[in-house]
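The structure is shown first, and the description follows.

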Amino acid sequence: MTAPHRTEPWPLVNREAELKAVEARAAAGRSSLIVGAAGTGRTRLLQEALRRLEREGVAVHQVHDLGALPVLLERHAAAAGTARAGLPVVFGVDGVHLLGEELAAGLAEQVREGRVLLLATAPAGLALPAAVHELRRARLVGEARTAAFDLAAAVQALRARLGSHVASDAAARLWEATGGNPLLLSEVTEQAVGEGTFRPVRGLWHWQGEMPVRQPHGRVAGAARRLLEPLDGEERELVATLALTGPVPGHLGRLPQLAAAAERLSHRGVVLAEQAGGTLRLCLAQPLCGQVAVADLPEPTAQALRRQLADELERLAAAESGAARKTGEGRCADGGGSSRGGVSSSGRASPLGGASASGGVSCSGGVNVSGGASALGGASPWGGASPLDGVSPSGRARRSGGVSSLDGVSSSGRARRSGGVSPLDGASSSGRASRSGEASLSDGANPAGGASLSAGGAALLRAARLRIEAGNTPPAALLYPAAEVALRCHDFGFAERLARLAVGPGANPAADPRATLLLGRALAGQGRAADAEVVLAGTDTRSPEALRARVRNLAWGLHRVTDAAALATRASGSAARAQNSVVDLLRDHLGDVTTTGDAVLRETSGSMASPALQSCSPLAAFAHVELGRPERALTLLDSCRTVAGWQEEARHTHHAVHAHAALAAGDDVRAQAALDRLRATDAPYDLSRRLRADVLRAALHRAAGRLPQALALLRRAAAVRDGRDWFITRPWVLAQLAAVLAESGQSTEATRTLIEVRLAARDVLPYPLADDHTALEEARVLGRSGDVPAAVRRANEIAVRAAEAQRNATALAALHLTARLGEAAQAAAQAAQLGLVDADDTGVGPLHTLRAAHIHALARRDADRLDDLAEQFAALGRHPLAAECAGQAHQIWRDGRRYRNAQLSLAACRGRLDACSGVPLPALPTVTGGPMPDADPATLTTREREVALLATSRLTNREIAHRLTVSVRTVENHLYRVYTKLRVTSRAGLADHFGPQLTHS
């Protein structure tokens, strides 16, 4: 399988809606303007639209030379120029913003007269000729926008180019690095394929080595530079600053003085201005372009800028962590005297506010009154006089109070609006990143240790990186927290570098236990488990963190679960009990986990300060859920009356398990409340925590039938490679992604994703609980892909394994799938044999009970019970299952020739389908929108037809009876027979059958 390096255009994907809109406008005699940022495919869309119109017989002229446009206009001035059905000639103009005013006026005149249709392109954010602008205002020209690809579209484009599936993490990293910009995506891919860093491995395309984000070169750097033009000095300074700092508050350093540049670049989609926690944050939409801007700086300027920004970021981290300690909420402080509502140099309200980080207040004209000092109180790194005084180094007065003297440096780039910032719960249905202010997959991180580190974590990490890039060694006070942050964002290579700097050259790592622990975790994160064991073996296992790290590495890294159990047993204290419970989960000893949790609860008498309770109660609750007792899990978690004083990691785990238990119980209200609390403990750049949160939020959306939202979250979760956790594993995440793809009707991609699931399973520790969940998701994919026998066989195997381990929740879910796939009698018998249906345990929860009842109702073909179950599933918010039950009842009623009941069930099914998306299982009846077969008005008697026609004319039964001189009861009997024969349930349904006759009547 190869995909040779090539330069021809990629297949056009994800632009069908825009093309149809252009074609529809042309058919209606309206022109179209294609607007978008550089590199988003405006020209490709224009060419494809012209090609399609020409294929339909429309006369098309693409203007390659704008100077030739007057000749073309003159040639068609006197003629209508129609080629078919009165359609005028279509003129394709790539770059209408380049037209002079006189030429644009001549073109606009022919558009107004209807002799010419205009199909043109223009960059976003740039001014149009006045005549073209007037056409837009007069609504003679409609607009089609080209945007950056969302993740799903990027995956589609990569697969179309490469000819096979791309690993989820590789696709997500490419999308993040390029901001979804189609030009950058294609250039990065082509260069990497040519260099061999992006190649197929075992049927999947994988990225080998680092992404070219920090040091773009070759054709990638060339493409980035093309996207950056044109930029003035201020804009270059802003782009370079944001490339070095990443997402930062708008009041950092000199950013307030660059307000006008930020406004301009925001309109062009280069810079994103986002509200996050009440603070305006700025970031670049495309990291690659920013790095090119930095690479083009003179070296002395770049180094000075790095040192200055490192100082600013350290101050920002201190301000944020101080504010977090005071408020307890971890929100960013304004810090540095930022002034909201400042006015930019143009006199308009600035998105940045008007005060510098040093407290100097900017006047409305944009000139800082600090008299030329930089934000740090020193000289600007750009050289010459500081631009804060409103005078350029050349001595010319500038209209803006913050124009950089970097006028000769080329670089920087356009960006999409969703790049660099990833969604929290707000992942959009397209997979596009939201404006939550959360750091990108490739950038951020967050520590676990307390509000101060959480709040300032990203700033600390970037400060440490900038100091190292400037040739300095960060102080120890910065190395330790920065290394912790790097671990949290899975930047394990940089975490190792920081840990070794903390140890010092030639020093014994054991002499610094904190640095040793950081180093061991960094090595383990890189897959160097044997090296990590050597380092971690020298740590003090009395430390909870050290014990957790070594047990995790032994189990997940070296697959030595027995040794991990022995280590946890030899240790003492609450940490040892928690790690014993983790190992018991891995070994499928769930009963031991619940026993430990119950014992800890008794011993501590519910003391919230007990470390043992904080560590063990979420593990015990998780085990209760898997044992099929979610209500018991919720009771256990609720007994922890308040967790506000818990350690941050324990609090996060408690909320995550609470949401998991509520979902298993079918209580979506409690699940949402737990997710809201989870959001409060989320550190936006902690990938491990974000992974848990994304999976839980996806599960809630999926249960309610909101598949686009679930799909977006799971795509992002699949980008996190390190899924080695008792709560979720990487194969399990990928399997959920595959299942939701199948449920969304994307069976081909779902099947390809299963290949990724099986490859990922080779690299992780066998974990029976997670392995059976993964296998169950695979069975769901098989079922929706049409391989029902294989799906049933897989589900039955899972049910037996899970029941033997007393994991009743998984066993029942597997048998429920078997029943829904058409083998209900077999599933009911097996459920009874395994004791899963008639259990007296009150902790099972309503969802467990409804699943068991659904199995029995299908086995008995009890349509009445299925209709009842549809209502009960809907009451729990499980609309897909409600639709299935109603659809199954409809089929059974129909088979029994109970057509009126069948029609009622069909209406209920359609109503439930309106509340969700997706496709039914193959064993379910196809629910269509037309009348039932064999419904023929000709079978009605003359009197029945007469009553039916009167009923459709909005007469009441009493009015019909009076008109026909019969009793009301007779009318009701006639209508009952009409409804039964026509398979309808209302007078509106009658109108569907008698529509042509109503006008005549």
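## Aromatic pairs

Phe198, Trp205 and Trp207 are joined into a cluster by ring pairs, in what is a predicted model. Six aromatic pairs are counted in total. One of them joins phenylalanine 198 and tryptophan 207 in a tilted arrangement, with 5.3 Å from centre to centre and 35° between the planes. Phenylalanine 198 is buried, its relative accessible area being 1%, and tryptophan 207 is likewise buried, at 9%.

Phenylalanine 622 and tryptophan 726 form an edge-to-face pair, with the centres 5.1 Å apart and an angle of 75° between the planes. This pair links distant parts of the chain, since phenylalanine 622 belongs to helix α23 (residues 611–626) whereas tryptophan 726 lies in the loop between α28 (707–718) and α29 (730–743), 104 residues apart. Both phenylalanine 622 and tryptophan 726 are buried.

## Charges over rings

Tryptophan 726 also has arginine 692 over its face, at 5.3 Å from the ring centre. Elsewhere, arginine 465 lies over the face of phenylalanine 494, at 4.1 Å from the ring centre.

## Helix α32

Helix α32 comprises 17 residues (788–804) and spans 24 Å from its first C-alpha to its last, close to the 24 Å expected at 1.5 Å a residue. Its buried residues are Val788, Ala790, Ala791, Val792, Ala795, Asn796, Ile798, Ala799, Ala802 and Ala803, and what covers them includes α31 (768–784), α33 (808–820) and α34 (824–834). After α32 comes glutamine 806, which has a positive phi, near 65°.

Terms used: Residues numbered from 1 in each chain as written. Predicted model: local features only at pLDDT ≥ 70, side-chain atom pairs only at ≥ 80, totals over all residues. Heavy atoms only, no water. Helix = DSSP H or I, 4+ residues; strand = E, 2+ residues; numbered from the N terminus. Expected span 1.5 Å × (residues − 1). Buried < 20%, exposed > 50% of the residue type's maximum accessible area, 1.4 Å probe, protein only. Contact = heavy atoms within 4.5 Å. Phe/Tyr/Trp six-rings, centres within 6.5 Å; stacked < 30°, edge-to-face > 60°. Lys NZ or Arg CZ within 6 Å of the ring centre and 35° of its normal.
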